[in-house]
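The structure is shown first, and the findings follow.

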Amino acid sequence: MDLRFSAEDERFREEVRDWLADHLRGPFAALRGRGGLGDMDAFVPERIAWEQELARGGWTCLGWPMAHGGRGASLFQEVIFLEEYARARAPGRVGHIGEGLLGPTVIQYGTPAQQARFLPPIVAGRELWCQGYSEPEAGSDLANLKTRAVLEDGQWRVYGQKVWTSLAGDADACFVLARTDPASRRHDGISCLLVPMRQPGVRAVPIRQMTGSAEFFEVFFDGAAAEDVVGPVGAGWKVAMSTLAYERGASTLGQQLAFLVELEAVIGAARRSRAATDPILRDRIASLWMRLQVMRHNALRTLSHGEMGTLGREAFLTKLYWATWHRDLGELAMDVLGDDAGAWTEVDGVDLHRLYLWSRSDTIYAGTNEIQKNLIAQRALGMPR
Amino acid sequence: MRFGLSEEQTALAETARAWLAGLPGPVATADGQPYPEGVWSRIVEEQGWPLVAVPVALGGWGFGVTELMVVFEALGRALTPCPMFATAAAAVPLLVAAGDADTIARVAAGATATAARRGALVDDPWMWGATIGADNLVSQGGNEEDAIALVPDGATADVVVAIDGDRVAVYDAAMLTRESAKSLDPSRPVARVTLPGGGGVAVAPEALARAAATTTVLLAAEQVGLADAALARTVEYSKVRHQYGKAIGSFQAVQHRCAEMLLAVESARSAVWYAAWAIDAGAADMALAVATAASMAGEAGTWVSGEQIQLHGGIGFTWEHEAHHGFKRARANLALLGAPHRWRARAAAALLDGEGAWT
C-alpha cells in the first residue's frame, strides 16, 4: 500500500491545474459544469471549440502512444488529468468516443494507412465519432444485431437502424457493427465499418428522454457508404469486444470526483434545511459519502492490478457500483429537498432534478445492473451459465 | 501509487492462510469446550503474530497495522479457535499505547490478554464503540466503583487491560471477579468481568485513539475474511447442489445474490485496507477511514454470512454444517465493533456539523 503520488506526478497535476485555470475562461467560462451526463446536448459547438483548445494544449489522447500523436501518459497521469478536469468542472468532452473507443481500436487493428487517416483528426479534435452498436432488438443481447452491410460494386453499403447513439447529430462519422455475411448467426459474420455521417443514406433522429433533453439518437442507414472497415471483414465481434475493453479504469476516478461535487451539493442543500437534523437522512448522507470513498479505493485497486497486468475481482464491480451509487444519490437529493422537491432545483451549480432523472439511465446503459450481476457471477465468481 | 498489498504482505497472507488450514477449525470448540490445546502456543512460538505490529523498542517486530490486518483476514477466513483477537487486536495495542514492555514480554512468552473499557470515555467522539466494553455493555456492579463489562476471553485470559477515561490499567486476571456467559459465538468465549476503579497510567489521547483505531480495523479485517469465506463456500455449494436438474448456481436469483455479496465483500476489503494504511501513514482522514471500514465491514460480515445460510437452504441451518460459525462470529464481532449506523452518525457529524476530530 502506497497511496501517495510521485513528485513527478504531483508536478504533472500542477501543470494540468494551471493550464485549466488559464484556459477555462473567456468564451469557455460559461461551459463550466455543462455538457455532462444528462446535459450532453448543451453548448455542443462551443464544446467542439473547447475540444480543439484542449488539443492545442496537448491534452487530448493522453494515454495513446506518442507515435500515434498521444502523450504516452501513465495510467496514473490519466487519473490525475481526469481528477483535475472534474475538479475544475470543465465541460463534458465531445471527443471521448474517438479518443477512448475508436482510436485505440484503430491503433490495435488498423493498417498504417488507416492510422494515418483516422488518428490525427481525433487527436486534433477535428473529427467527432459516434458509436453504432445498440439496436432496437440488440441491447443487452448485442449479438442479435440486424443491421447489414452489402458489398455493391466494391463499396460496402449499410442498411439498418441503430439506437441510443450519443452525439449522432454532431458526429462526423460512426463506427457501425453490421452483419457482412447474411448467412451468419450470432457472433460470426459481423464487421466494424467506418461510416461518414454527412451523406444522403444517413438520418439521425433525436430521442427525447424523460429528462426533457435529447442526448441520444436513432440512426437510420439506407445504403450509406462506408469509408473503410477496421479489422478483418467478419471479425467485427472481436474488434467490438476489445473496443469495450479499452477503458482502463482511469475514467472511474474522474467520475468519482464529479460525483463528489454532486454529493457536496446535496450536503450543502441538507445543511441549509431541516434535512441536516433528520437522523435518517444523516445516516443516508454518511452512507453515500462512505460508499463514494470506497468507489475511489476500488478504482485504485483495479488500476494497481492493471499496472501489474493482472485483473482483480473488484474490476468486475465498477459499473454496478457507480450506477447504483448514483441512483441512490438521486433519491437522496429528492428526499433532502423534501417539500421543495416538487420544483426543479439547482444547488451550487448542480441541477438536482436533472441528476435525479438522469440517474435512472445509469443503471440501464452500458450493461444494465441485471446484466452486470450476471457478468459478475459468471466471470468473477465462475458460477455456471 | 499502489493500492494493494506488497509482495511481502501477499506472501504473509498466503503463509497465514496455508498455515491456519493445518490448525483445528471452529468445530473443535462448538460445544463450549475451551480453545484446543496447543493452538495458542503454536501461534506464539511458530508465527509470533501478537508481536507483529509492536514497535521494536517494546520488543516487537516493528511492522505496521497493515501486516497484522493481513493475518486477521486469514483468521476470519479460518475462524481458528484461539485468543488472537482479544490478545493481539484488543489488548496489545493498548499495551503499546501505555508503553508497557513488561506485559508485552509476558504476551511474547505465551500469556493471553484481553481488554475492556470501564466507565467514562475519552472525550473524543470516535472512541465511542470503538473498543471492547462499548457503553451499552458496561453496567454498574455491587460496588459503586466497579463496572461490569462483557469481555471476549474474559474468563481465560491471563491479563486484563482496562481503559478508564485516558487511563490504562493492567490487571492480573486472577485478581478480578469473572463470570462466564453463554457466548453467541462458541468459537470465542465471553465473560462478565468486574473492573475496579482507579489505578493505571495516563496515556496521550492520540495514542489511545490509534490503539482504538487498530482494534477496530483488525476486527473489521476479520469480518472481511469470514465474509469472503462465506461467499466462497456459497459459490462452491451452488455449483454442486442440483435442483430441477440444474446446478442452483445457474439460476439468476442465486447469481444476483452472489454478485451483490461480492460487491459487499470487495468494497469492505478496500475500506479496511485503506483504513489500515491510514493508521500506518498517520493520514489526516484516519478517523473517517476507520469509521468507513467499521461500517462497511460490519455490515458485509453479518449480511454475507446470513445470505450464505439462506442460499445453502436447510443444510445451512444445521449444527453439522459450518455456515453457522461465521454467522455467529460476524454478529459477535458487530457487538464489539459498534453498530454501523452509529459509525455513520459520527461521520455525519463531521460532514454536516463540521465536528473537529473528524475533518
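## Interface of the two chains

A salt bridge is counted here when a side-chain nitrogen of Lys or Arg lies within 4 Å of a carboxyl oxygen of Asp or Glu. By this rule, six salt bridges are found across the interface of chain A and chain B in this predicted model. The side chains of A:Arg313 and B:Glu266 form a salt bridge, with 2.6 Å from N to O.

Chain A contributes 41 residues to the contact, and chain B contributes 48 residues. Between them the two chains bury about 4200 Å², of which 67% is on carbon and sulfur atoms. Of the area that chain A buries against chain B, 19% comes from A:Met1, A:Met290 and A:Arg301, more than from any other three residues.

## Helix packing in chain A

Two packed helices are described by the angle between their axes and the distance between the axes. In chain A, the axes of helix H1 (residues 7-23) and helix H3 (residues 75-87) come within 9 Å and cross at roughly 35 degrees. The crossing of H1(A) with H3(A) is right-handed.

On the H1(A) side, the residues in contact include A:Phe12, A:Val16 and A:Leu20; on the H3(A) side, they include A:Phe76, A:Ile80 and A:Phe81. By class, this contact comprises seven nonpolar, one polar and seven charged residues.

## Confidence of the model

The model scores ipTM 0.94 and pTM 0.94. For chain B, the mean pLDDT is 89, and 89% of the residues reach 70 or more. Residues 120-142 of chain B stay under 50 in pLDDT, and the model has 77 contacts beyond four places in sequence for them.

Terms used:
Residues are numbered from 1 along each chain as its sequence is written. Chains are lettered from A and ligands numbered from 1 in the order in which they are written. This is a predicted model: local features need pLDDT of at least 70, side-chain atom pairs count only at pLDDT 80 or more; totals for chains, interfaces and linings use all residues. Side-chain values use heavy atoms; hydrogens and water are left out. pLDDT is the predictor's confidence in each residue, from 0 to 100. Contact means heavy atoms within 4.5 Å. Axes are lines fitted to C-alpha atoms, for helices over the stretch in contact, and angles run from 0 to 180 degrees between N-to-C directions. Helices (H or I, at least four residues) and strands (E, at least two) are DSSP runs, numbered from the N terminus. A crossing is left-handed if the near helix is turned anticlockwise from the far one by less than a right angle, and right-handed if clockwise. Ala, Val, Leu, Ile, Met, Phe, Trp, Tyr, Cys and Pro count as nonpolar, Asp, Glu, Lys and Arg as charged, and the others, Gly among them, as polar. Buried area is the accessible area (1.4 Å probe) that two parts lose on being put together, summed over both.
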